[in-house]
Amino acid sequence: MSLEYDTKALVDEVDHSYRTPEIVQQRARTLEALDLRAGERVLDLGCGPGLLSLELGEAVGPGGSVVGIDRSAEMLSVARARCKHLAQIEFRTGSAEKLEQQPGAFDAVACVQVLLYLHNVADVLGEIHRVLRPGGRVVIIETDWRSVVLNSSDSHLSRRMFSAWDGAVSSPNLPPRLGALLHAAGFTQLRVEAIPIIGLHNSADNFVGSIVDWVARNARDRGEVTEVEYSRWVSELQDLDRSRGFFFCVNRFLFTGVKECAE
């Protein structure tokens, strides 16, 4: 069963984590890759609490437009409140697998940490390709959790913790397959770069602290680790943080592609 962000508590957690320095930097890199111009039309697919949508709207200006789509009503409520002062941004409940927009409706599409929650990734990429105009750009960010580097005395338990995350999403570990899927969907000029998430502190004030907390609770709640193992793992990471021995790194990958212009 895939994780659903359909409660206020979960949405508040996501909203907090997306305002941490690591994700602020990631949004800056996303905007740079999209290379938006004033007046362009942009789709924020899986917009969540609207932080990226807000920056997209500011980038295209009042002459442009941003459509944020998410399946979570709770997420959309937060996004609408955040962006209510920008008339060029609108939010809709929708499914990434079957977009309502007409072919060629957008100049650019952003899709950040969304595809892992979906079963039919190839179908979604096909929909993104359909709603882009010829020459339109797509930016996709996904994480490969197999790349986690963590200072821990129990590497086996740590692997079990992060492996349990695979069961919480529909399409885990997408980056190795995503290039081929984008090519099959008709995208050209494909590029990829790593965006490492690195943390030397296990704190609620940074994104790494949120990751560690989510991963541990997910593994415990799914029965992949015992309560004793959960407590031991969490306690050790807290001790490492206090002794300045905490280290965490995972790679996110930013993919860009272009819908080829018709000859």
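**Note on an aromatic cluster and a buried serine**

1. Phe-162 and Trp-233 are both buried (under 20% relative accessible area with a 1.4 Å probe, protein chains only; exposed is over 50%, partly exposed in between). The model is predicted, with local features needing pLDDT of at least 70, side-chain atom pairs pLDDT 80 or more, and totals for chains, interfaces and linings using all residues. Residues are numbered from 1 along each chain as its sequence is written, and side-chain values use heavy atoms, without hydrogens and water.

2. There are 5 aromatic pairs in the structure (ring centres of Phe, Tyr or Trp, the latter by its six-membered ring, within 6.5 Å; planes under 30 degrees apart are stacked, over 60 edge-to-face, the rest tilted). Trp-145 and Phe-162 are stacked, with centres 6.3 Å apart and 20° between the planes. Trp-145 belongs to strand S5 (residues 132-150) and Phe-162 to helix H6 (residues 155-163), so this pair ties together parts 17 residues apart in sequence. Helices (H or I, at least four residues) and strands (E, at least two) are DSSP runs numbered from the N terminus.

3. Phe-162 has a relative accessible area of 7% and is therefore buried. Its ring and that of Trp-233 are edge-to-face, because the planes stand at 75°, with centres 6.1 Å apart. Trp-233 is in helix H9 (residues 227-242), 71 residues from Phe-162.

4. Ring pairs join Trp-145, Phe-162, Trp-165, Trp-233 and Phe-248 into a cluster.

5. Ser-17 lies in helix H1 (residues 8-17) and counts as buried because its relative accessibility is 0%. Leaving aside residues up to four places away in sequence, Ser-17 touches Ile-23, Phe-207, Ser-210 and Trp-214 (heavy atoms within 4.5 Å).
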